[in-house]
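Reader: Please show me the model. I would like to go through it in short questions and answers.

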Amino acid sequence: MPELPEVEVVRRGLQTWVSGRTIADVQVLHPRAIRRHLAGAEDFAARLRDRTVGDACRRGKYLWLPLTDTDTSILGHLGMSGQLLVQPQDTADEKHLRIRIRFADALGTELRFVDQRTFGGLSLHENAPDGLPDVLSHIARDPLDPLFDDAAFHAAIRARRTSVKRALLDQSLISGVGNIYADEALWRARIHYERPTATLTRPRSAELLRHVRDVMTAALAVGGTTFDSLYVNVNGESGYFDRSLDAYGREDQPCRRCGTPMRRRPWMNRSSYFCPRCQRVPRTPS
């Protein structure tokens, strides 16, 4: 699942290649791709025609394109395999092309939504007063947002009976962090994923947030993390941060800090990767 760095890379591409353009036509080629738009494909296409796309926006793992002179936005959810590609109009259709958006200009490119597994999609939503699509009102700010409140985050996690990794993946507390970057930040902070949040001091939670920001910033610099051909930017290019991962996917490989073999444990239908020496298992109260 794409996390904040991957979605931000896509947002930047949309800002460069799509924002400011007027939509001429929309083709919905698979109904599942607009299943979150309950009014259906014809309504989706009709409401987009002749509308101009505003600045591309993102909150955590979600991105949207406001339609200027309206209170509506196109919300994009990439799911497991969704891609938003800007392609020359004469490029052959991708095998899993789901939606095509053409523009009323002479640039010769179109926006395509491609999704092999059809878990993602596009939909239209009304904007809340703060400019967010109304369905995102519960999503917290992300750690790279200048308005993210570190003190409020610390107070919120201290008040909850949960583990630190669960807190990092709770999009109502902090958005944009997924399994990969949670494991990376926890490894850097030397914190076990099951450590209770109530035991984190203010300096330790501040240190963890610093590592979350550092790992995401580093991933952004190289285009995000790619393990297969499904995550690409709008130009079809892959990211390279997978070559720099310190924890995720490194089971049985030596910890880059102490040399101890890294471990993997099942966790909430996912996996957690950690160093058993650097990230001690929390003690169970007697």
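Author: The largest cavity has a volume of about 40 Å³. A cavity is a set of points, on a 1 Å grid over the protein atoms alone, where a 1.4 Å probe fits but cannot get out. Grid points are joined across faces, edges and corners, and the volume is the space filled by probe spheres set on the points. This is a predicted model: local features need pLDDT of at least 70, side-chain atom pairs count only at pLDDT 80 or more, and totals for chains, interfaces and linings use all residues. Residues are numbered from 1 along each chain as its sequence is written, and side-chain values use heavy atoms, with hydrogens and water left out.

Reader: Which element gives the most to the lining of the largest cavity?
Author: Lining residues have an atom within 4 Å of a point. Here they are Leu 63, Leu 65, Ile 74, Leu 75, Gly 76, Leu 84, Leu 111 and Leu 122. Strands S3 (62-66) and S4 (72-77) each give two or more residues to this lining; strands are DSSP runs of E, at least two residues, and helices are runs of H or I, at least four, numbered from the N terminus. The top contributor, with 3 residues, is S4.

Reader: How many cavities of 30 Å³ or more does a search of the whole structure find?
Author: Rolling a probe the size of a water molecule over the atoms shows where empty space is left. For cavities of 30 Å³ or more, the search of the whole structure gives a count of 1.

Reader: Within what arc do the buried residues of H2 fall?
Author: Buried means under 20% relative accessible area, exposed over 50%, partly exposed in between (1.4 Å probe, protein chains only). In helix H2 (residues 41-48), Phe 44, Ala 45 and Leu 48 are buried. They line one face of the helix, because their directions from the helix axis to the C-beta atoms fall within an arc of 90°.

Reader: What do the buried residues of H2 pack against?
Author: Packing rests on contact, meaning heavy atoms within 4.5 Å. The buried residues of H2 pack against strand S1 (23-28), S4, S6 and strand S8 (121-126).

Reader: And H3: within what arc do its buried residues fall?
Author: Helix H3 (residues 150-158) buries Phe 153, His 154 and Ile 157. These residues line one face of H3, since seen down the axis they fall within an arc of 100°.

Reader: Which residue makes a side-chain polar contact with Glu 94?
Author: Glu 94 sits in the loop between strand S5 (82-88) and strand S6 (97-103). Glu 94 is buried, at 18% relative accessible area. A polar contact is a pair of N or O atoms within 3.5 Å; within protein, one must be able to donate a hydrogen and the other to accept it, and residues adjacent in sequence count only if both atoms are side-chain atoms. At 2.7 Å, the side-chain partner of Glu 94 is Gln 87.

Reader: Which side chain does that of Thr 109 contact?
Author: Thr 109 is in strand S7 (residues 109-115). Thr 109 is buried, with a relative accessible area of 18%. The polar contact of its side chain, at 2.8 Å, is with that of Arg 21.

Reader: Is Asn 269 buried or exposed?
Author: Asn 269 lies in the loop between strand S9 (263-267) and strand S10 (270-274). Asn 269 is not a glycine, yet has a positive phi of about 65°. With 86% relative accessibility, Asn 269 counts as exposed.

How values were computed:
1 Å grid on protein atoms, 1.4 Å probe; cavity = no way out; pocket = protein on both sides within 12 Å on 5 of 7 lines; lining within 4 Å.
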